[in-house]
Amino acid sequence: MAAQGNDIIGSSGLPPFFRVANAEEVAIDAPENRRGDALRTCVRALSGFQKEALIRSAGTGDVWRLVSDEGPYLNGHDAAPCPLAFLSTGMAAGFMNEILALAARQKVTFRRLKLIQDNFYTMKGSMPKRTMVGGAENIELQVEIDCDFEDQALSEFLINAIAASPLNGLMQGRLESLFKLSRNGEGIPTGKVAEINAPLLPDPGDQFEIPRPVEDEPLLMEPVGPTPRKAVAKGTSTGGSSLTDEQDRRLNIGAVAELRGDGIKEIQQMQYSPYGTSFRFLSSEDGRAPDANTLISAGIGFCFMTQFGRFVSMLKLDLPDYRILQDTHFSLGGASGATGKPGEADPIETHVFLQTAENDDTAREMLDISEQTCFLHAFCRTDLKTRLKIIRI
């Protein structure tokens with residue numbers, strides 16, 4: 001089946017990921033930093049399932065431009081990683097940040113450290129009947145390590161480091177996301193989803209043409225070939241499989257993270273189900289590559305935007321243009337931020353801007369179904385655990 005829309009990412013001439021050199025010219029402010037880091041993520045639809053994001057962090061002061069696409073399972077061009085890849089790589093980067101920071105505090109030396117992570121999601125129900133629901137399952141994390149810790153001490157160390165990750169705040173408990181809705185430039189009340197108790201923020205639509213990349217920046221993301229095949233119960237690999245009316249699927253996105261000699265984390269995303277291309281990400285907390293919170297925030301925004309595209313394409317609704325402005329709030333890391341506490345986070349706050357000939361009720365339904373089917377909003381409202389396996393090497 002032919003890919004939907006034009007390959008704008010592949011033909012743009014811009015690097016897919018870059019730190020914005022003229023950040024002060026981009027009129028997107030970070031939200032109030034009420035926990036330790038606050039990120040504003042603005043996402044627009046490009047063509048088909050291709051999307052572009054600008055993310056400004058209060059913690060780092062950086063603005064990053066990132067893009068996302070889908071593979072054959074959504075008739076995409078496969079020109080950039082899928083949305084779930086961003087959360088997986090950001091999660092792995094965050095775990096590694098806290099492991100390394102805690103090791104430094106305890107003056108522990110790791111002679112070898114490698115993280116192999118698996119994230120799982122579900123999609124069940126009928127889109128025509130409006131019963132389709134996205135879900136998130138527990139994370140599996142294998143740590144390959146060489147150090148002098150005894151087994152019990154090592155296990156306790158890693159459990160504490162994982163809990164210290166800021167993303168832990170979105171995994172623990174059940175956080176219901178909050179929204180504001182605009183249709184054709186006018187704010188309207190939301191439907192089933194909870195509404196933000198604050199004014200609608202300005203539409204970010206005129207900011208995306210402004211950013212320029214930092215010169216001579218290394219390639220921050222690239223495809224690295226087909227993902228190794230892996231059996232996944234209820235997994236899918238066929239073209240258009242994510243667009244079928246009735247679904248009972250299980251998704252498996254992996255991440256393999258190691259620390260390079262220059263201190264940058266190199267993370268390979270594994271697209272096991274739905275099957276697709278594997279991409280290599282770089283991540284760093286010092287501005288040389290996107291930091292963990294930026295990748296996580298981008299993933300949530302990209303995933304939510306994909307659900308709008310799925311719903312309107314499957315129901316043949318009018319939605320020629322749509323954007324979001326999303327705020328995420330994370331605590332500092334328990335080890336990296338020296339709080340000594342588990343990571344915390346606030347509910348996701350998202351302002352949605354729709355251009356559509358459909359009426360207000362249909363606009364509200366677009367938002368409700370997109371939230372209902374979004375894997376990463378499900379991630380936030382599900383109490384999740386990380387299942388740890390340690391391999392000594």
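**Notes on the predicted model**

1. Helix 2 and helix 5 are roughly antiparallel to each other, because an angle over 145 degrees counts as such and their axes cross at roughly 160 degrees. The axes come within 7 Å, and helix 5 spans residues 292-315. The crossing of helix 2 past helix 5 is left-handed. Please keep in mind that this is a predicted model.

2. On the helix 2 side, the contact with helix 5 involves Pro83, Leu84, Phe86, Leu87, Thr89, Gly90, Met91, Ala93, Gly94 and Asn97. Helix 5 contributes Ala292, Leu295, Ile296, Ala298, Gly299, Ile300, Phe302, Cys303 and Thr306. By residue class, this contact has 13 nonpolar and 6 polar members, with no charged ones.

3. Helix 2 (residues 83-106) also packs on helix 3 (residues 151-163), here at an angle of about 125 degrees and with the axes 8 Å apart. The two helices are therefore oblique to each other. Helix 2 passes helix 3 in a right-handed crossing.

4. Which residues make the contact between helix 2 and helix 3? From helix 2 they are Phe95, Glu98, Ile99, Leu102, Ala103 and Gln106; from helix 3 they are Phe157, Leu158, Asn160, Ala161 and Ile162. The contact of helix 2 with helix 3 comprises 8 nonpolar, 2 polar and 1 charged residue.

5. The disulfide count is 0. Cys303, listed above in the contact of helix 5 with helix 2, is in no disulfide, and the nearest cysteine sulfur, that of Cys374, lies 3.7 Å away.

6. Are Cys303 and Cys374 buried or exposed? Cys303 is buried, having a relative accessible area of 2%. Cys374 is likewise buried, at 0% relative accessibility.

7. Gln372 is part of helix 6, which covers residues 360-373. Its relative accessibility is 17%, so Gln372 counts as buried, because the cut-off is under 20%. Leaving aside residues up to four places away in sequence, Gln372 touches Arg130, Thr131, Met132, Val133, Gly134 and Arg381.

Definitions and conventions:
Residues are numbered from 1 along each chain as its sequence is written. This is a predicted model: local features need pLDDT of at least 70, side-chain atom pairs count only at pLDDT 80 or more; totals for chains, interfaces and linings use all residues. Side-chain values use heavy atoms; hydrogens and water are left out. A disulfide is a pair of cysteine sulfur atoms within 2.5 Å. Buried means under 20% relative accessible area, exposed over 50%, partly exposed in between (1.4 Å probe, protein chains only). Axes are lines fitted to C-alpha atoms, for helices over the stretch in contact, and angles run from 0 to 180 degrees between N-to-C directions. Helices (H or I, at least four residues) and strands (E, at least two) are DSSP runs, numbered from the N terminus. Angles under 35 degrees count as roughly parallel, over 145 as roughly antiparallel, 65 to 115 as roughly perpendicular and the rest as oblique. A crossing is left-handed if the near helix is turned anticlockwise from the far one by less than a right angle, and right-handed if clockwise. Contact means heavy atoms within 4.5 Å. Ala, Val, Leu, Ile, Met, Phe, Trp, Tyr, Cys and Pro count as nonpolar, Asp, Glu, Lys and Arg as charged, and the others, Gly among them, as polar.
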